[in-house]
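Please consider the model shown below.

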Amino acid sequence: MAGLRRLLTIVTLLLPTLLFGCAAPPPNPVYPEITFQHLNPLYLNVGEIKIVDEFTPPLKPPHVEHELPVSIDQTVRNWVRDRLRTTGNSGAVATVTIKDASAVEKGLDKETGLKGLITKDQSELYEFHVLVELKITEISGSSAFVTAEATRTKSVAEGITLNQREKTYFNQVEALMRAFDPEMEKNIRTFMGAYLR
């Protein structure tokens, strides 16, 4: 009887552990695409808008572009789709060239010894960078171009979860592109005013 009682006690103690072990992990969040549809489009006096992507993610450290839930280069494409319009002038073409759309991870120095055991350090620094060129070329040979770039950096604490890291990635890409947009619009209005309609 005592043996049965002890077995029941062990099962009772182990049951929560077993049930906890079977619990499903939290679902991965789904992030929306970053768009610019709430902004007024810029009408360029061209017949076509082309996109050229010159940035190739290295897919190895320290680069982390392949880990972003929403990529920088795709967000640039969304920007072009939402912000630029043609007027149908077949004598001119606008080319948007993505020069850089990088995200780089840099390790940070951590406290060591006893202080390191009780201190939660910032363990990585992420740098997000975008550089885009817009060039208008006419059949006559005339042309004009502008560039815009933005950079955002963010450090993260050691021990953050994958979901927390992805949320940081998303927030920083969004902040990066929110900074890029007015910079590019300002440059277009300043240096390409003759092509705006």
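Student: What is the mean pLDDT of the chain?
Tutor: This is a predicted model, in which local features need pLDDT of at least 70 and side-chain atom pairs count only at pLDDT 80 or more, while totals for chains, interfaces and linings use all residues. Residues are numbered from 1 along each chain as its sequence is written, and side-chain values use heavy atoms, with hydrogens and water left out. pLDDT is the predictor's confidence in each residue, from 0 to 100. In this chain 81% of the residues reach 70 or more, and the mean is 87.

Student: In what order do the elements of the chain run from the N terminus on?
Tutor: Helices (H or I, at least four residues) and strands (E, at least two) are DSSP runs, numbered from the N terminus. The chain has four helices and six strands. Their order is α-β-β-α-β-β-α-β-β-α.

Student: What percentage of the 197 residues in the chain is buried?
Tutor: Buried means under 20% relative accessible area, exposed over 50%, and partly exposed in between (1.4 Å probe, protein chains only). By that criterion, the buried share of the 197 residues is 36%.

Student: Which residues are joined by a cis peptide bond?
Tutor: The bond has an omega of about 5 degrees. The joined residues are Pro61 and Pro62.

Student: Is Leu59 buried or exposed?
Tutor: Leu59 is found in the loop between β2 and α2. Although not a glycine, Leu59 has a positive phi of about 60 degrees. Because its relative accessibility is 56%, Leu59 counts as exposed.

Student: At what angle do α2 and α4 pack?
Tutor: Two packed helices are described by the angle between their axes and the distance between the axes. Axes are lines fitted to C-alpha atoms, for helices over the stretch in contact, and angles run from 0 to 180 degrees between N-to-C directions. The axes of α2 and α4 (residues 162-191) are 11 Å apart, and the angle is about 45 degrees.

Student: Which residues of α2 make the contact with α4?
Tutor: On the α4 side, the contact involves residues including Val173, Phe180, Asp181 and Ile188. On the α2 side, the residues are Ile72, Thr75, Val76, Trp79 and Arg83.

Student: Is Asp181 buried or exposed?
Tutor: Asp181 is in helix α4. Not counting residues up to four places away in sequence, Asp181 touches Phe36, Leu39, Trp79 and Arg83. Because its relative accessible area is 8%, Asp181 is buried.

Student: Which residues is Thr168 in contact with, leaving aside its neighbours within four places in sequence?
Tutor: Thr168 lies in helix α4. With 16% relative accessibility, Thr168 counts as buried. Its contacts are Lys154 and Val156.

Student: How many Å apart in space are Arg85 and Ile49, C-alpha to C-alpha?
Tutor: Arg85 is found in strand β3 (residues 84-86) and is partly exposed, with a relative accessible area of 31%. Ile49 is one of the residues in contact with Arg85. The two are 36 residues apart in sequence, and their C-alpha separation is 8.0 Å.

Notes
Contact means heavy atoms within 4.5 Å.
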